[in-house]
Amino acid sequence: MIDSHCHLDHEPLLSDISNVIKRSKTAGIEKLLTISTSFESFSKIKKLIKIDKMIYGTVGIHPHESTTNVINSNQIIKYLNENSKIIGIGETGLDFYYNNSKKQDQINSFNEHIEASIKTNTPIIIHSRNAEEKTFEILNEFKNKQLKILMHCFTGSKEFSKKLLSLNAFFSASGIITFKNSKDLQDTFKSLPSNKILIETDSPFLAPVPNRGKKNEPSFINYIALKLAEIRGISKNEIVKITTDNFNQLFFK
């Protein structure tokens, strides 16, 4: 299995990293992709990727941080080139749910990340919350640029997923698909093409059932894989192979 999105630089994971890695391996995880959200986050990720060969990282600024962490495409490319284990750009995107940062700052930052992704042919990890229309509008401007898009922790509508499929996007399922009130989202993940789905924990956030309410960690990805397999009517082994192949296709081909 591969956890395509976690935050190992966050507590309580960071201070317990050796045990987190051990439990991840016991759970059958072969790769962990730890995601950058700020300049401070990226500085920690550069150290984390050196701890174990299973850990890979990204460079990027979360939309909530885009007002205080201003970055341009040239900086992103510079950081990306610092280490071959930095394999993605993000997490970037748009989040209009809170007023953590100005909308225009988010849009400007998103565009800089997209530019870096195009210039380097590197996958871009996208966060979109309460911003479906604007997210698609921006991405659609680059529809002829062969962007490698991964919609992280996808919770959007089925209509939104269909629009994104026209841009060849991938979609990552998080622990939210295990929640009782996620029937519409489960239906969306049932409808997505097999070659476009990944799994993630987004740990330490969004622990899946039966661990909801606890601090999440990568080893809990087993519950997400089991639920996604159930939703799609296939075995866990099949969903593991599908999502692992898709991750490697996106990030290593």
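This is a predicted model: local features need pLDDT of at least 70, side-chain atom pairs count only at pLDDT 80 or more; totals for chains, interfaces and linings use all residues.
Residues are numbered from 1 along each chain as its sequence is written, and side-chain values use heavy atoms, with hydrogens and water left out.

Helices and strands are DSSP runs numbered from the N terminus (helices H or I, at least four residues; strands E, at least two). In helix α1, which spans residues 17-26, the residues Ile-17, Val-20, Ile-21 and Ser-24 are buried, where buried denotes under 20% relative accessible area, exposed over 50% and partly exposed the range in between, with a 1.4 Å probe and protein chains only. Viewed down the axis of α1, these buried residues fall within an arc of 100 degrees and so line one face of the helix, the arc being that of the directions from the helix axis to the C-beta atoms. Ser-18, Lys-22 and Thr-26, on the other side of α1, are exposed. The cover over the buried residues of α1 includes β2 (31-34), α2 (39-48) and β3 (55-59), and α1 is followed by Gly-28, whose phi is positive, near 100 degrees.

Two helix pairs were examined for their packing, with axes taken as lines fitted to C-alpha atoms, for helices over the stretch in contact, and with angles running from 0 to 180 degrees between N-to-C directions. Helix α5 (residues 132-140) and helix α6 (residues 158-165) pack at an angle of about 5 degrees, and their axes are 11 Å apart. This angle makes α5 roughly parallel to α6, given that angles under 35 degrees count as roughly parallel, over 145 as roughly antiparallel, 65 to 115 as roughly perpendicular and the rest as oblique. Glu-132, Thr-135, Phe-136 and Leu-139 of α5 make the contact with Phe-160, Lys-163 and Leu-164 of α6, contact meaning heavy atoms within 4.5 Å. By class, the residues of this α5 and α6 contact comprise four nonpolar, one polar and two charged; Ala, Val, Leu, Ile, Met, Phe, Trp, Tyr, Cys and Pro count as nonpolar, Asp, Glu, Lys and Arg as charged, and the others, Gly among them, as polar.

In the second pair, the axes of helix α7 (residues 183-191) and α8 come within 9 Å and cross at roughly 70 degrees, which makes α7 roughly perpendicular to α8. The contact involves Gln-186, Phe-189 and Lys-190 of α7 together with Lys-227, Leu-228, Ile-231 and Arg-232 of α8, and it has three nonpolar, one polar and three charged residues.

A nonpolar core is defined as a set of buried Ala, Val, Leu, Ile, Met, Phe, Trp, Tyr and Cys residues joined through side-chain atoms within 4.5 Å. The largest such core has 64 residues, of which Leu-8, Leu-139, Ile-149, Met-151, Leu-164 and Phe-189 touch the most other members. Helix α8 (residues 221-232) supplies the largest share of this core, namely six residues. Leu-139 touches Phe-110, Ile-114, Ile-126, Leu-147, Ile-149, Leu-164 and Leu-167, when residues up to four places away in sequence are not counted. A second, separate core of twelve residues includes Ile-35, Leu-150, Phe-170 and Leu-250.

Ile-86, placed in strand β4 (residues 86-95), counts as buried at 5% relative accessibility. With residues up to four places away in sequence not counted, Ile-86 touches Phe-42, Ile-45, Ile-49, Gly-57, Thr-58, Val-59, Tyr-79 and Leu-80. Asn-222, in helix α8, likewise counts as buried, at 18% relative accessibility, and Asn-222 touches Met-1, Ala-27 and Lys-236 on the basis that residues up to four places away in sequence are not counted.

Most residues other than glycine have a negative phi, and most peptide bonds are trans. A cis peptide bond joins Gly-90 and Glu-91, with omega about 25 degrees, and Glu-91 is found in strand β4. Another cis peptide bond joins Ser-203 and Pro-204, with omega about 15 degrees, and Pro-204 is found in the loop between β8 (197-199) and α8. Gln-146, although not a glycine, has a positive phi of about 55 degrees; Gln-146 is found in the loop between α5 and β6 (149-151) and counts as exposed at 62% relative accessibility. Asn-168 also has a positive phi, near 70 degrees, and is found in the loop between α6 and β7 (170-173), where Asn-168 counts as partly exposed at 46% relative accessibility.
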